[in-house]
Structure formats: structure tokens, C-alpha cells
Amino acid sequence: LQMLERQVVGGEQAKNKDLKEKHKCRKKYADERRMQLVAALQQSNEDSSDWVLLNVYDSIQEEVQAKSKLLEKMQKKLRAAETEIKDLQSEFELEKIDYLGTIRRLERDLMLSQQLLDQVQSLVRRDCNYSNLEKIKRESVWDEETGCWKIPEPVIQRTRLP
């Protein structure tokens, strides 16, 4: 019974060592491939179906079609990412131009204010505390609550001789 079982289970090729060796090699290759796929799936942060195909194909043509679809999908993602990058760069460029225009305008306003102060300072009386602009700048304090400068009140210092 055991003799018949051995012959039936393995068939005619039950004692063929070459065939057993081929089966071992195929099993070893399948195990290695399975381990590679498991490692690839663990490393992938994306949807695993996008990166690794676990399908068994009947022909090379089917495999080529499946991989072509995957390639097209990745190319669409790449094009979408490239257009998003271009949009962000153009938006950044517009903001940069706007900021530079604002800076130039503020610099012109500052120059106008400085020239006006230089002209008006000569008209202020010498006995007034506003005759020294550097002293006024040192005594001025920025108020966070109101969002403006607190400037000392103008005072005229009269000196009377006895």
C-alpha cells in the first residue's frame, strides 16, 4: 500500500532527483520574490497597488498593458505636480513683485518725510524741545496697544534772566 501511495503521489517522476531540485529552486525563488514584495510593501508610503503589482499575468502582453496603465497614471501625477509647482512659483513671483513695490513706495514716503523734517526743523524755535530731532526720537516710545508712537509734548523753555 505504501509502495502504491509513493508511486501515485509523486507519479512516475517521484524518484526523479532533477525534478525535485527544480521544484526546490522554484520554491526558493518564489519565497525570495514574496519576501521582496513584502519588503516593498512595507517601504511604500503610497497606496501599494500603485507601486507593486501582485497580479499573475497570463501573457506578457497583459503585463505590458497593466504596467503601461500604471506608467500613464504616474505620468499624470507627475504632470499635476509640475503644474502645481509652476502655479506656486508664479504666485510667489507675484507676491514678491507686490512686496518690492510696497517697499519702494515706503522708501519714497520715508524720504519725503525726512526731507520735510529737515526743512521744517530750521523753522522751529531754538528754545523748543522739538528743535533737536534726535532727542525727540530717543524720547519717543512705541505703544503696542494703540499701534502708534507716543511723542513728547512740545515744550518751550523760556530762560529769564534775573
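Buried means under 20% relative accessible area, exposed means over 50%, and partly exposed lies in between. By that scale Cys 25 is partly exposed, with a relative accessible area of 47%. The model described here is predicted.

## Overall layout

The chain has 162 residues. Five helices and two strands make up its elements. Their order from the N terminus is α-α-α-α-α-β-β. Helix 4 covers residues 60-121. Helix 5 covers residues 133-139. Strand 2 covers residues 148-150.

How much of the chain is buried? Buried residues account for 8% of the 162 residues. Among contacts with a separation of 6 or more, 25% join residues 24 or more positions apart.

## Cysteines

How many disulfides does a search of the whole structure find? The search returns zero. A disulfide is a covalent bond between the sulfur atoms of two cysteines. Cys 25 is partly exposed, at 47% relative accessible area. Cys 148 is also partly exposed, at 38%.

Cys 148 sits in strand 2. Which residues does Cys 148 contact, once its neighbours within four places in sequence are left aside? They are Val 141, Trp 142 and Asp 143. Two of these names, Trp 142 and Asp 143, come up again below.

## Salt bridges within helices

The count of salt bridges comes to five. Side chains of opposite charge can pair when their charged atoms come close. One of the bridges joins Lys 67 to Glu 63, with the closest N and O atoms 3.2 Å apart. Lys 67 is partly exposed, at 44% relative accessible area. Glu 63 is partly exposed as well, at 30%.

Another bridge pairs Glu 134 with Lys 137. Here the closest N and O atoms are 3.9 Å apart. The two residues are three positions apart in helix 5, so they too are separated by about one helical turn. Glu 134 counts as partly exposed, at 48% relative accessibility. Lys 137 counts as partly exposed, at 47%.

## A bridge between Lys 150 and Asp 143

Lys 150 and Asp 143 also meet through their side chains in a salt bridge, 3.9 Å from N to O. Asp 143 counts as buried, at 15% relative accessibility. Asp 143 is also one of the residues in contact with Cys 148.

## Tryptophans and a nonpolar patch

The whole structure holds one aromatic pair. Trp 142 and Trp 149 form this pair, and their arrangement is edge-to-face.

Trp 149 belongs to strand 2. At 51% relative accessibility, Trp 149 is exposed. Trp 142 is partly exposed, at 40%. Trp 142 is also among the contacts of Cys 148.

What do the two tryptophans form together with Ile 151? Trp 142, Trp 149 and Ile 151 make a nonpolar patch on the surface. Together they have about 350 Å² of accessible area.

Note on methods:
Residues numbered from 1 in each chain as written. Predicted model: local features only at pLDDT ≥ 70, side-chain atom pairs only at ≥ 80, totals over all residues. Heavy atoms only, no water. Disulfide = S-S within 2.5 Å. Buried < 20%, exposed > 50% of the residue type's maximum accessible area, 1.4 Å probe, protein only. Helix = DSSP H or I, 4+ residues; strand = E, 2+ residues; numbered from the N terminus. Contact = heavy atoms within 4.5 Å. Salt bridge = Lys/Arg side-chain N within 4 Å of Asp/Glu carboxyl O. Phe/Tyr/Trp six-rings, centres within 6.5 Å; stacked < 30°, edge-to-face > 60°. Patch = residues over 30% accessible without salt bridge, like charges linked within 9 Å, V, L, I, M, F, W, Y side chains within 5 Å. Areas by Shrake-Rupley, 256 points an atom, 1.4 Å probe, with all protein chains shown as cover.
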